[in-house]
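Here is a short briefing to read with the model open beside you. Take it one topic at a time and follow along on screen.

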Amino acid sequence: MRSIPRAVTLRESIAAILAVAAMIASPMRVRAQAKPEAQGPWGGKTNGMGHYADVNGINLYYEMQGAGKPLILLHGGLGAIEMFGPNLPALAKGRQLIAVDLQGHGRTADIDRPLSVELMADDIAALIKHLKLERPDIMGYSLGGGVALQTAIRHPELVGKIVAVSTPIRRNAYYPDILAQQAQVNAEAAEAMKQTPMYQLYASISPRPQDWPRLLSKIGETMKKDFDFSKEVAGIKATTLIVAGDADIFPPAHAVEVFGLLGGGKRDGGWDGSGQPKNAKLAILPGLTHYTIFSAPALAAAVIPFLDEPAAKGQ
């Protein structure tokens, strides 16, 4: 994506946001007209898979499929469960997949509080307790990846493994043009973004479609805030897989940095693998961007072997 000049007009800024939104929403296009009571993320009717949990002051929507070790799946900003596309049924094979619509997204209505990864991590912790899950694994993309990491930071006793996909842990890790584009996301862009499949999906499943400008405003405010979770991430004890595309919205070096904070990349793994880090794995997926990685089959192919490995001692 090209940089947005400082003197860019509002119309040009919205055009850039629309281009990003269209790429993010492309796998949702088929389901854009679906109704929440008739269409589930796995295709076909929900057959009772959709549920609401009244937890932590929010009525959180989630869907379940499969059986086995639980995996909680968290979407990215301005997205919903559906954005994972074919990775949903792939991840549901051999495990119990619990896919969640985060605060203000999808079928979960917004409440009177900021959008923050910390607060949403508390929602997920409350959901784990509500469902009486025993240390479920948690996988999140972008915003959802931040929520997954914060759940491990704030509630380490509740989580098993963590998978963070396309998730920067400090704001200045983003490319400068991405930061410039994020600065243009606000309620003023709401009307123009109604042209996108992203909005069409939101309008078809949200309990309050009129909250679209509010969601854009909150997302925009969140993206303007500085953050650096390096110290907190370095303290994560959960076995963690860091995943990024080789053409993501931050350099691959940042994913390597996060891997290093978790204990990875310190020495040769050895012929017998004994030198590998116990609690950290890294996957840089070739040919993928921030806007294709969540629905690419390569994502499930990289994640499933990690989830299937026996947990490290103490996990």
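Contact means heavy atoms within 4.5 Å. Helices (H or I, at least four residues) and strands (E, at least two) are DSSP runs, numbered from the N terminus. This is a predicted model, where local features need pLDDT of at least 70 and side-chain atom pairs count only at pLDDT 80 or more, while totals for chains, interfaces and linings use all residues. Residues are numbered from 1 along each chain as its sequence is written, and side-chain values use heavy atoms, with hydrogens and water left out.

**The sheet**

- Eight strands form an open sheet with mixed pairing, in the order E1-E2-E4-E3-E5-E6-E7-E8; two strands pair if DSSP finds at least two bridges between them.
- At the edges are strand E1 (50-55) and E8, each of which pairs on one side only.
- On average, neighbouring strands of this sheet are turned by 20 degrees against each other, direction ignored.
- E5 and E6 run parallel and are joined by four bridges.
- Isoleucine 138 has isoleucine 162 in E6 as its bridge partner, and tyrosine 141 stands opposite valine 165 in E6.
- Strand E6 (residues 162-165) is covered on both faces, with Ile162 and Ala164 buried on one side and Val163 and Val165 buried on the other. Buried means under 20% relative accessible area, exposed over 50%, and partly exposed in between (1.4 Å probe, protein chains only).

**Helix H3 and its neighbours**

- H3 lies across E1, strand E2 (58-65), E3, strand E4 (95-101) and E5, and runs at about 110 degrees to E1. Axes are lines fitted to C-alpha atoms, for helices over the stretch in contact, and angles run from 0 to 180 degrees between N-to-C directions.
- H3 also packs with helix H4 (residues 143-154) at an angle of about 70 degrees, with the axes 8 Å apart.
- The two helices, H3 and H4, are therefore roughly perpendicular to each other, a term for angles of 65 to 115 degrees (under 35 counts as roughly parallel, over 145 as roughly antiparallel and the rest as oblique).
- In this contact, Val117, Glu118, Met120, Ala121, Asp122 and Ile124 of H3 meet Leu143, Gly146, Val147, Gln150, Thr151 and Arg154 of H4.
- The residues of the contact of H3 with H4 comprise six nonpolar, three polar and three charged. Here Ala, Val, Leu, Ile, Met, Phe, Trp, Tyr, Cys and Pro count as nonpolar, Asp, Glu, Lys and Arg as charged, and the others, Gly among them, as polar.

- Helix H9 (residues 252-261) has His254, Ala255, Val258, Phe259 and Gly260 as its buried residues.
- Their cover includes helix H8 (230-234), strand E7 (240-247) and strand E8 (280-289).
- After H9 comes glycine 263, with a positive phi near 105 degrees.
- Tyrosine 199 lies in helix H6 (residues 197-205) and is buried, with a relative accessible area of 15%.
- Not counting residues up to four places away in sequence, tyrosine 199 touches Met193, Lys194 and Trp212.

- Most residues other than glycine have a negative phi.
- Leucine 78 has a positive phi near 65 degrees; leucine 78 sits in the loop between strand E3 (69-74) and helix H2 (87-92) and counts as buried because its relative accessibility is 15%.
- Lysine 132 has a positive phi of about 55 degrees; lysine 132 is in the loop between helix H3 (117-130) and strand E5 (137-141) and is exposed, with a relative accessible area of 72%.
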